[in-house]
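I opened a new page for this protein and kept a list of what I looked up. The structure goes first, and my entries follow.

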Amino acid sequence: MKLRIYTDGACKGNPGKGGWGAYLEYGEYTKEIYGGNPHTTNNQMELQAVSEALNCLNKPTNLTIVTDSQYVKNGIEKWMKNWKKNGWKTASKQPVKNKEYWTNLDEALQRHTVSWEWIKGHSGHPGNEKADELANKGVPQ
C-alpha cells in the first residue's frame, strides 16, 4: 500500500483569488487540506497544493502525486533539473516564472520518494474531484 496524494489548484480570474487543495489517501485513511491566496494564478495554486501536501507529512515517505496539471508534472520531470543547473533560468535564458513556488516545491520534494501521475481534470476521477472541491473551498471569499 502506498500513499496517494491528489492535488489541484483553482483560480477565479487568472490572476485572481485562488485556492489549492490536496486529498491524501492511504488505504482507508484520508486527510484533506486546503488554503488560498487573495491574488494569485492557477499555476501558483497548482504548485502550492503539492508543496503543502508534502510539507504536511511527518516523515520521509514513498508516495504518488496525482495531478491534473501538465505544468507541474512537466516542470518536475522535464524542466526543473535544467532550470537549477542554469541558475533558475529557462533554456531561452529568461527567469523561471513562479520561481518561489518551484523552489518551495523542490525543497519539499527532497525528503520524499515521489512518483508522478497525470490525470485529466474534471473527468470524474474521485480523488481528483475531491482535490478540485478542496481547492475551490480554499478560494478566499
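Below are my entries, from the whole chain down to single residues.

**Ground rules.** I worked from a predicted model, in which local features need pLDDT of at least 70, side-chain atom pairs count only at pLDDT 80 or more, and totals for chains, interfaces and linings use all residues. Residues are numbered from 1 along each chain as its sequence is written, and side-chain values use heavy atoms, with hydrogens and water left out.

**Entry 1: elements.** I listed the secondary structure and got four helices and five strands. Helices (H or I, at least four residues) and strands (E, at least two) are DSSP runs, numbered from the N terminus. Read from that end, the order is β-β-β-α-β-α-α-β-α. The radius of gyration is 14 Å, close to the 14 Å of the globule rule for 141 residues, so the protein is as compact as a globular protein of that length. That radius is taken over C-alpha atoms, and the rule is 2.2 Å times the number of residues to the power 0.38. I also noted the span of the C-alpha trace along its principal axes, about 45 × 35 × 25 Å.

**Entry 2: surface and contacts.** Of the 141 residues, 49% count as buried. Buried means under 20% relative accessible area, exposed means over 50%, and partly exposed is in between (1.4 Å probe, protein chains only). The protein exposes about 7,600 Å², and carbon and sulfur atoms supply 47% of that area. These areas come from the Shrake-Rupley method with a 1.4 Å probe; for residues, only the protein chains shown count as cover. I then looked at contacts, meaning heavy atoms within 4.5 Å. Among contacts with a separation of 6 or more, 66% are between residues 24 or more positions apart.

**Entry 3: charges.** I found 19 positive and 15 negative side chains, and the centres of the two sets lie 8 Å apart. Lys and Arg count as positive and Asp and Glu as negative, while His and the chain ends are not counted. The place of a charge is NZ of Lys, CZ of Arg, CG of Asp or CD of Glu.

Entry 4: How many bridges join β2 to β3? I read off ten, and the two strands run antiparallel. Two strands pair if DSSP finds at least two bridges between them. β2 covers residues 16–26, and β3 covers residues 29–40. Tyrosine 23 stands opposite glutamate 32 in β3. The hairpin has two residues between its strands, and glycine 27 takes a positive phi near 60 degrees.

**Entry 5: strand β4.** β4 (residues 62–67) has five of its six residues buried, so the strand is largely enclosed by the rest of the structure. I checked its partners next. β4 pairs with β1 in the parallel sense over five bridges, and tyrosine 6 has valine 66 of β4 as its bridge partner. β4 also pairs with β5 in the parallel sense, over six bridges. There, leucine 63 has valine 114 of β5 as its bridge partner.

**Entry 6: leucine 134.** Leucine 134 is in helix α4 and is buried, at 0% relative accessibility. Which residues does leucine 134 contact, leaving aside its neighbours within four places in sequence? I noted Trp20, Gly21, Ala22, Tyr23, Glu32, Ile33 and Tyr34. Leucine 134 and glycine 21 are 113 residues apart in sequence, but their C-alpha atoms are 4.6 Å apart in space.

**Entry 7: lysine 84.** Lysine 84 is in helix α2 and is partly exposed, at 39% relative accessibility. Leaving aside neighbours within four places in sequence, I found lysine 84 in contact with Asp106 and Gln110. Lysine 84 and serine 123 are 39 residues apart in sequence and 34 Å apart in space, C-alpha to C-alpha.

**Entry 8: loop residues.** The peptide bond from asparagine 14 to proline 15 is cis, with omega near 15 degrees. Proline 15 is in the loop between β1 and β2. Tryptophan 88 has a positive phi near 60 degrees and lies in the loop between α2 and α3. Is tryptophan 88 buried or exposed? I have it as buried, with a relative accessible area of 14%. Histidine 122 also has a positive phi, near 55 degrees, and is in the loop between β5 and α4. At 59% relative accessible area, histidine 122 is exposed.
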